[in-house]
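Hi there,

Here is the structure I promised to pass on to you. Please have a look at it first, and then read my notes below.

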Amino acid sequence: MLNIKEKLHRFQSNYRNVHQAAKKAGLTGILRLLWQDLFEGRSLGQWLYLLVLSSIPFVLEFTNQASQHDWVGLFASWTGIVCVILVAEGRASNYLFGAINSAIYLILSFEASFYGEVLTTIYFFIMQPIGLYTWLSNRINGQDQAEESHFEAKKLRLFDWVKYLALTALIWIGMGFAYQSIGSHRPFRDSVTDATNGVGQLLMTRLYREQWIFWIATNLFSIYLWWGSNVNIQGMYWVYTINSLVGWYQWTKALKRKD
């Protein structure tokens, strides 16, 4: 196991490589890479999957009988769905949509007084550039992945499972007591998604397949949380659940290719 000094040296070296690669590419090169990451290497089936699922927020919005259109909720739902599909495909551009979605969802959660969601979304927003750096570092600094792959999926060992489940319980209980101390009427219910989202994001940043299990748990509970409140957000989480199952399958297939 690397000691702190060695880890710091590796981080500095990897960061330098990422920075040099970005500087060499320039703004035009970075935009070209973003375009390639978003649009290239996707099969017809993947294109249909992306277009069908990302159209659901528009269908829900324009078939809804509300007196006014919820444009903010629509855009939040659409960016979130595109983001999770890109995650399942292993595309680093997911972090662009993730940052936009986090900013919008933060506003919606605050307006709905879902303070647990507010804290979770702040965490998500902070993690977007960190996750992007980790994915780019993994690619630029050479982690023995195949050339056609955007990422190198990993799987948890038994000890890792124990560690992350313990972290999940710690966040759930800790945040539950924190919400209880400020007079929340449902402190330990609000803290469920803090735990599953927090650990899921960590696993995603570190490229672990098991992130999808935590995302499924988050999505199902979030559907319950938003039930009857915002049709766009409910639809988003239903699509998230479907995509989480697809993501589990795709990342499992990536693991088999690696082995």
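What follows is a short tour, from the whole chain down to single side chains.

First, some background. This is a predicted model, in which local features need pLDDT of at least 70 and side-chain atom pairs count only at pLDDT 80 or more, while totals for chains, interfaces and linings use all residues. Residues are numbered from 1 along each chain as its sequence is written, and side-chain values use heavy atoms, leaving out hydrogens and water.

The protein chain has 9 helices and 0 strands, and its pattern along the sequence reads α-α-α-α-α-α-α-α-α. Here helices (H or I, at least four residues) and strands (E, at least two) are DSSP runs, numbered from the N terminus. There are 259 residues, and 44% of them count as buried; buried means under 20% relative accessible area, exposed over 50%, and partly exposed in between, with a 1.4 Å probe and protein chains only. If you take contacts (heavy atoms within 4.5 Å) between residues at least 6 apart in sequence, 69% join residues at least 24 apart. The accessible surface (Shrake-Rupley method, 1.4 Å probe) is about 14,600 Å², and carbon and sulfur atoms account for 67% of that.

An unreviewed UniProt entry annotates residues 71–90, 102–126, 161–179 and 212–229 as "transmembrane region"; such annotations may be inferred rather than shown by experiment. In the model, residues 71–90 are 95% helix and 0% strand, with 29 Å between the end C-alpha atoms. For residues 212–229 the figures are 83% helix, 0% strand and 25 Å between the end C-alpha atoms.

Now to the charged side chains. The whole structure holds 5 salt bridges, each being a side-chain nitrogen of Lys or Arg within 4 Å of a carboxyl oxygen of Asp or Glu.

One of them joins D160 and K163, with the closest N and O atoms 3.8 Å apart. Both residues belong to helix α6 (residues 158–181), where they sit 3 residues apart, about one turn of the helix. D160 counts as buried because its relative accessibility is 4%, whereas K163, at 37%, counts as partly exposed.

Another pairs E210 with R209, at 2.9 Å between the closest N and O atoms. E210 has 2% relative accessibility, so it counts as buried, and R209 is buried too, at 14%. Elsewhere, salt bridges that share partners link R42, E89 and R91 into one network.

Happy browsing!
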